[in-house]
Amino acid sequence: MKYTVLSLFPDIVDAFMQSSIMAKAIERGFVAYQAVNIRNFAFDKHKTCDDAPYGGGAGMLMLPEPLGCALESVGVRNRFETRRLSGKMGGTEAADSACPVDTRCPPKKKVIYLTPSGKSFTQALAKEFATEQEELVLLCGRYEGIDQRIIDAYVDEEVSVGDYVLSSGEVAALAVIDATYRLIERVISPLSLEEESFGNGLLEYPQWTRPEKYGTLTVPDILLSGHHENIRRFRLRKRVEKTLSFRPDLIRKGLEEHLFDAETCKIIDAIAETITDI
Ligand code: SAM
C-alpha cells in the first residue's frame, strides 16, 4: 500500500511514519509513503494557502489552486478538466460544468478528504481500504476546511474519524493510515488480529499480565489454570459482557446481520435476560 499525504504540516506525518512497526513495514517494502507540503504549491511570495469564505462567516478556507496543483503533482486528475478542454474546442461553459467527465483515479487509488462531515471511518472501512486499494491519497484540511470545488473535482470519498472536530486533518489521516496498514498481509501476525475489537462484531475481552498480584488486585483464577477450553469460554463471555455494556449497538447489529455463532447467541440471551436495555 502506498500512502500519499497532502498537508500543510508534513512533519507531523513524517514523525509517525518513521517510528515503530510502521518504520519496519516501510523497510520491508509492505508500505510506501510520501508527505507533500501543500504550501510548496502556493502562488504568491508569502506562500498563502487560505482566504476568507464567500458569503462571510468565521475563519478561513484553504485556497483551491495550491490544493489542485498538489493533487495533480501526485498524479490525481481533475474530473472536470477534459470537458473544459473540449469546451475550449467549441463546447459551452454551461455544458462544461453540468457534465463532469469521470476521470477519477483508477479503482485501486482513492483520494480521501478527511472531514468531520464525511462518512464514518470504521474497522470495516479500514479493511475495505487495506484489501481493495493500492494507494490512498489523503488530503488534510486546516482552518475551516477546503474549497468545495476541490472536493467536486478530485475527491473520491469524504471520511470522518469521529463525531468531534479536530483542528486539522493530519491526526485523522494518521488514524486512517494506522488502522489500514496493520491489516495488510504480513505486516503483523494474523493471530494478533483474530480476536481484536470489532472482529466477529464484538469488543475485545479484558486482559491481564504479570504480576499475579498488583496491590490488592489479582488475576482471575481461570487464566492461571492452563485449561484452554475454559479460558476460551471465559474470554468469549467477557467479550459479550463488555460489548453489551459499552456498545449494545454492536450486539443489535450483529444479531440483525447474523454475525454470531450459536455459542455467542446463547451467552447474549443468558446475559440479556438480566438486562432490559438492548
Ligand atoms: N469547519 C469544519 C466543520 O465544521 O466541519 C471543521 C474544520 S476542522 C477545524 C479543520 C480540518 O480538520 C478539516 O478540514 C479536516 O481536514 C480536519 N478534521 C477535523 N475533524 C475531523 C474529523 N472528525 N475527521 C476527519 N477530519 C477532521
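Helices (H or I, at least four residues) and strands (E, at least two) are DSSP runs that are numbered from the N terminus. The views below show a predicted model, in which local features need pLDDT of at least 70 and side-chain atom pairs count only at pLDDT 80 or more, while totals for chains, interfaces and linings use all residues. Residues are numbered from 1 along each chain as its sequence is written, and side-chain values use heavy atoms, with hydrogens and water left out.

**View 1. The protein as a whole.** The protein has 13 helices and nine strands. Of its 278 residues, 37% are buried, where buried means under 20% relative accessible area, exposed means over 50%, and partly exposed lies in between (1.4 Å probe, protein chains only). The protein exposes about 16,500 Å², and carbon and sulfur atoms supply 53% of this area; accessible areas come from the Shrake-Rupley method with a 1.4 Å probe, and for residues only the protein chains shown count as cover. Among contacts (heavy atoms within 4.5 Å) between residues at least 6 apart in sequence, 73% join residues at least 24 apart.

**View 2. The largest nonpolar core.** A nonpolar core is a set of buried Ala, Val, Leu, Ile, Met, Phe, Trp, Tyr and Cys residues joined through side-chain atoms within 4.5 Å. In soluble globular proteins, nonpolar side chains tend to be buried together. The largest core here has 31 residues, of which Tyr3, Val31 and Leu138 touch the most other members. Several elements give two or more residues to this core, including β1 (2–7), α1 (10–17), β6 (135–139) and α8 (170–181), and the largest share, seven residues, comes from α8. When residues up to four places away in sequence are not counted, Tyr3 touches, among others, Met17, Val31, Leu138, Ile177 and Ile184. A second, separate core of 22 residues includes Val76, Val111, Ile151 and Val155.

**View 3. The shell around the ligand.** Of the 20 residues around the ligand, Tyr113, Leu114, Glu144, Tyr164 and Leu166 come nearest. The shell divides into ten nonpolar, eight polar and two charged residues; here Ala, Val, Leu, Ile, Met, Phe, Trp, Tyr, Cys and Pro count as nonpolar, Asp, Glu, Lys and Arg as charged, and the others, Gly among them, as polar. The largest share of the shell, four residues, comes from β5.

View 4. An oxygen atom of the ligand is 2.7 Å from an N or O atom in the side chain of Tyr113. A nitrogen atom of the ligand lies 3.3 Å from a backbone N or O atom of Thr115, and a polar backbone atom of Ser168 is 3.5 Å from an oxygen atom of the ligand. The protein covers 84% of the 580 Å² of accessible area that the ligand has on its own.

View 5. Most residues other than glycine have a negative phi, and most peptide bonds are trans. A cis peptide bond, with omega of about 5°, joins Arg210 and Pro211, and Pro211 has its place in the loop between α9 (190–194) and β8 (213–214). Ser20, which is found in helix α2, is not a glycine, yet has a positive phi of about 55°; Ser20 counts as exposed because its relative accessibility is 57%. His258, in the loop between α12 (248–256) and α13 (262–272), also is not a glycine and has a positive phi of about 55°, and His258 counts as exposed because its relative accessibility is 70%.

How values were computed: Near = heavy atom within 4 Å. Polar contact = N/O pair within 3.5 Å; in protein donor to acceptor, adjacent residues only side chain to side chain.
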